[in-house]
Amino acid sequence: MTSAMSTVTAVLMPGTGSDEIFVRAVFAGPLAAAGVRALTPRPAPGARLAVGFLTLLDSLAEEPLLVGGISFGAHLAAEWAVRNPDRCAGLLLALPAWHGEPGDAPASMAAKASADLVEREGMERALKFSVDGVAPWLAEELGRAWRRHGDGLPASLRVAAGHPAPTLEALAGLDIPVGIAACVDDPVHPAEVAHEWAAAFPRATIRETTLAALGEDRESLGRAAVAAWQVSRR
């Protein structure tokens, strides 16, 4: 890598109901290996989830930023880039869940159902139901992140569930290097959606991995996105 790369800062945002601890575990190591400094801000509470991240990006972009995230965080990164193409140096997008309006996208439906469950049953009972039968690593991540969101969790879930992602037409106007990572065994974030995003961007590369690999090694998802971005920069 060139010495100029050491000055690049990447801001990474977590997915729905997740937190900065998880997105840091996914991206910080692979970005450090590429000579990029990672910032992983904590989600704003409750209903300010989306506007909080978008406002923060505005405040940080004194120089062009490399921006990205996982799931809803990827949506917000792309949304900010569409609004600020001259301030975005590239995108690192893992597991985008829909484009345009969410409609009946699995991730949107799951977030709404989780919000209903937390409001009806309370945090601890909702977690007990939600982690029943899921992989231990995912149960651990949900337990930590949901509790850290606290009382604001249902509102943040509803914000994410109803927030439009950029349309494919909007993505097509972004002539910046984009790296996309998809998990081929993830029904909540279909790989087909990630491939549609990749086809829309003028300069995008997609790399595939699996949830099984993510469970064993959090950085596997980040490595896929960073490697794809590096290809798109050439």
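Just over the whole model, buried residues (under 20% relative accessible area, with exposed meaning over 50% and partly exposed in between, for a 1.4 Å probe and protein chains only) make up 54% of the 234 residues in the protein chain. The model is a predicted one, so local features need pLDDT of at least 70 and side-chain atom pairs count only at pLDDT 80 or more, while totals for chains, interfaces and linings use all residues. Numbering runs from 1 along each chain as its sequence is written, and side-chain values use heavy atoms, with hydrogens and water left out.

The chain has 11 helices and 6 strands, both taken as DSSP runs numbered from the N terminus (H or I and at least four residues for helices, E and at least two for strands). Its radius of gyration, taken over C-alpha atoms, is 16 Å, close to the 17 Å of the globule rule for 234 residues, so the chain is as compact as a globular protein of that length; the rule itself is 2.2 Å times the number of residues to the power 0.38. Along the principal axes, the C-alpha atoms fill a box of roughly 50 × 35 × 30 Å. As for contacts (heavy atoms within 4.5 Å), residues 24 or more positions apart account for 75% of those with a separation of 6 or more.

On a 1 Å grid over the protein atoms alone, a pocket is an open set of points with protein on both sides within 12 Å along at least five of seven lines, a cavity is a set where a 1.4 Å probe fits but cannot get out, and lining residues have an atom within 4 Å of a point. Points are joined across faces, edges and corners, and a volume is the space filled by probe spheres set on them. The largest pocket comes out at about 780 Å³. It is lined by 34 residues, of which Thr16, Leu138, Leu142, Val188 and His189 are the closest to its centre. Helix α6 (136–149) is among the elements that supply at least two lining residues each, along with α4 (106–121), α7 (153–162) and α10 (211–216); α6 gives the most, with 7 residues. By class, the pocket lining divides into 21 nonpolar, 9 polar and 4 charged residues, where Ala, Val, Leu, Ile, Met, Phe, Trp, Tyr, Cys and Pro count as nonpolar, Asp, Glu, Lys and Arg as charged, and the others, Gly among them, as polar.

There is also 1 cavity of 30 Å³ or more, and the largest cavity has a volume of about 40 Å³. Pro14, Gly15, Thr16, Ser18, Pro43, Leu49, Phe53, Phe72 and His149 line it, giving 5 nonpolar, 4 polar and no charged residues.

On the charged side, 14 salt bridges turn up across the whole structure, each a side-chain nitrogen of Lys or Arg within 4 Å of a carboxyl oxygen of Asp or Glu. One of them joins Arg158 and Glu119 at 2.6 Å, N to O. Arg158 sits in helix α7 and Glu119 in helix α4, so this pair ties together parts that are 39 residues apart in sequence. Arg158 is partly exposed at 34% relative accessible area, whereas Glu119 is exposed at 52%. Another bridge pairs Glu124 with Arg147 (2.8 Å, N to O). It links distant parts of the chain, with Glu124 in helix α5 (residues 123–130) and Arg147 in helix α6, 23 residues apart. Finally, Asp19, Glu20, Glu141, Arg144, Arg148 and Arg218 are linked in a network of salt bridges.
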